Amino acid sequence: MQVRITVSGGRIEQAQAVQAPKGGVSDQKTALAVPKLNQEAVAAGNADIDAVSGATYTSTGYKQSLQSALDQAGG
């Protein structure tokens with residue numbers, strides 16, 4: 001999982017998963033979970049977001065990548 005963020009004024013303006021798990025059932029779960037995770041990241045402004053039910057693996061990877069992106073951005 002790889003998340004790209006846009007930060008303005010110390011706040012997350014945009015979050016986008018640019019690389020996600022692929023294969024089998026994971027594709028369906030990821031397709032449903034990623035838009036929700038993107039929205040939660042912007043709303044929360046940090047990596048303290050809720051996991052999407054049924055997509056624990058995707059949610060965990062997203063949160064880790066989001067935190068890494070925030071660390072790199074200095075947030």
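Student: Why is Ile5 called buried?

Tutor: This is a predicted model, so every value here is computed from it. Ile5 has a relative accessible area of 16%. Buried means under 20%. The value falls under that cut-off, so Ile5 counts as buried.

Student: Where does Ile5 lie, and which residues does Ile5 touch?

Tutor: Ile5 lies in strand 1. Leaving out residues up to four places away in sequence, Ile5 touches Ile12, Gln14, Ala15, Leu66, Ala69, Leu70 and Ala73.

Student: How far is Ile5 from Asp50?

Tutor: Their C-alpha atoms are separated by 18 Å. Along the chain, the two are 45 residues apart.

Student: What makes strand 1 and strand 2 a pair?

Tutor: Two strands pair if there are at least two bridges between them. Seven bridges join strand 1 to strand 2. That meets the cut-off, so the two strands pair. They run antiparallel. One of the bridges links Gln2 to Gln19 in strand 2.

Student: What do the two strands form, and what is noted about Gly9?

Tutor: Strand 1 and strand 2 form a hairpin, with two residues between them. Gly9 is in the turn and has a positive phi of about 65°.

Student: Why does Thr30 count as buried?

Tutor: Thr30 has 7% relative accessibility. The cut-off is under 20%. So Thr30 counts as buried. Thr30 is found in helix 1. Beyond four places in sequence, its contacts are Ala20, Pro21, Pro35 and Thr58.

Student: And Ser65, buried or exposed?

Tutor: Buried, because its relative accessibility is 11%. Ser65 sits in helix 2. Past its neighbours within four places in sequence, Ser65 is in contact with Met1, Gln2 and Val3.

Student: Which other residues of helix 2 are buried?

Tutor: Among them are Thr58, Ser59, Gly61, Tyr62, Leu66, Ala69 and Leu70. The cover over the buried residues of helix 2 includes strand 1, strand 2 and helix 1.

Student: How do you know that the span of helix 2 is close to the expected one?

Tutor: Compare the two values. Helix 2 has 18 residues and reaches 25 Å from its first C-alpha to its last. At 1.5 Å a residue, 26 Å is expected. After helix 2 comes Gly74, with a positive phi near 85°.

Student: Which residues touch the most other members of the largest nonpolar core?

Tutor: They are Ile5, Ile12, Ala15, Leu37, Tyr62, Leu66 and Leu70. The core has 15 residues. Helix 2 gives the most, with four residues.

Student: Which residues is Ala15 in contact with?

Tutor: Setting aside neighbours within four places in sequence, Ala15 is in contact with Arg4, Ile5, Asn38, Ala41, Val42 and Tyr62.

Student: In what order do the elements of the chain run?

Tutor: The order is β-β-α-α from the N terminus on.

Student: Why is the chain called as compact as a globular protein of that length?

Tutor: The radius of gyration of the protein chain is 12 Å. The globule rule gives 11 Å for 75 residues. The two values are close, so the chain is as compact as a globular protein of that length. Along its principal axes, the C-alpha trace spans about 40 × 20 × 15 Å.

Student: How much of the chain is buried?

Tutor: Buried residues make up 32% of the 75 residues.

Terms used
Residues numbered from 1 in each chain as written. Predicted model: local features only at pLDDT ≥ 70, side-chain atom pairs only at ≥ 80, totals over all residues. Heavy atoms only, no water. Core = buried A, V, L, I, M, F, W, Y, C linked by side-chain atoms within 4.5 Å. Buried < 20%, exposed > 50% of the residue type's maximum accessible area, 1.4 Å probe, protein only. Contact = heavy atoms within 4.5 Å. Expected span 1.5 Å × (residues − 1). Rg over C-alpha atoms; globule rule 2.2 N^0.38 Å.
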